[in-house]
Amino acid sequence: QRYSEQVLPLSIGTAIEHLKQNDFKKAIKAFEEMRRMQREHKNGDNIYLEGITIHNIGVVYLLAGNFDKAYPVFNEAIRCKRAAFGHDHPEVTISLVEVGILLFAKEKFQEALQVFNEALKIRIRVYGSSNPKVAMVLNNIACVHFEMGNPLAALGTFKEARDIQQLALGSSQKADLDLLHVATTFGNIGYIKLQVKSYDDARTVLEDALLVQQSVLGDDHMAVKDTLSNIDFANAFHS
């Protein structure tokens, strides 16, 4: 008992310290040691923790830019989490989303869409259709639609995500982060409006995004500058 209570937290702290120093190899080694101990002491919380630890290993591979190694690790995390938590537990969706992002990065858009839709169905079933966690997946789905050459589907999905995010404003203690999520979705909608040459609509939406970004990030942030650049583009074609 003393082994699992004292050594495991130490390994977590060690892994985090290595991550802070961008020493990804040592961070992975620390997480792998945690996983070894969890497998040896497969009782109590360790039954549930192993899948989360595997997921964290995948995250480190992502941070290191090693997508090829991250992909099978996240899939293993999904299998382990489902065995421990159940097939449709929200913890599973965290790893599903990472798999979808990796597939998106590899330009396997149809596969990414399938994975994101799987995560979406679980989150709607667990949280309801108006939860910000649902909006996060909708944003990813919208990005896939756009890359697949379907801007109208992307626009509709982004708007769906925006509506959920706006309804959720003020319901959490992370007010600034919630506002930035809304601003990001507004920016995505504005960008698509530019692509489909709806310049007046694009300018309106982008100006809404800009107000939020400036209030939270200040005038010198790169996101603010990118939005200003898109507004200038919209203004150049303003009727």
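**Pockets and a loop lysine**

A: The largest pocket has a volume of about 520 Å³. This is a predicted model, where local features need pLDDT of at least 70, side-chain atom pairs count only at pLDDT 80 or more, and totals for chains, interfaces and linings use all residues. Numbering starts from 1 along each chain as its sequence is written, and side-chain values use heavy atoms, with hydrogens and water left out.

Q: Which residues are closest to the centre of the largest pocket?
A: R123, P132, K133, M136 and H181, out of 24 lining residues. Lining means having an atom within 4 Å of a pocket point.

Q: And which elements give two or more residues to that lining?
A: α5 (90-105), α6 (109-127), α7 (132-147), α8 (151-168) and α9 (175-195).

Q: OK, the second largest pocket: what volume?
A: About 190 Å³. α9, α10 (199-217) and α11 (222-236) each supply at least two lining residues.

Q: Which of them gives the most?
A: α9, with five residues. Among the lining residues are L180, A183, L206 and D226.

Q: New topic: where is K197 found?
A: In the loop between α9 and α10.

Q: Is K197 buried or exposed?
A: K197 counts as exposed because its relative accessibility is 61%, and exposed means over 50% (1.4 Å probe, protein chains only).

Q: How far apart are K197 and A234?
A: They are 8.7 Å apart in space, C-alpha to C-alpha, and 37 residues apart in sequence.

Key:
On a 1 Å grid over the protein atoms alone, a cavity is a set of points where a 1.4 Å probe fits but cannot get out, and a pocket is an open set with protein on both sides within 12 Å along at least five of seven lines; lining residues have an atom within 4 Å of a point. Grid points are joined across faces, edges and corners, and a volume is the space filled by probe spheres set on the points. Helices (H or I, at least four residues) and strands (E, at least two) are DSSP runs, numbered from the N terminus. Buried means under 20% relative accessible area, exposed over 50%, partly exposed in between (1.4 Å probe, protein chains only).
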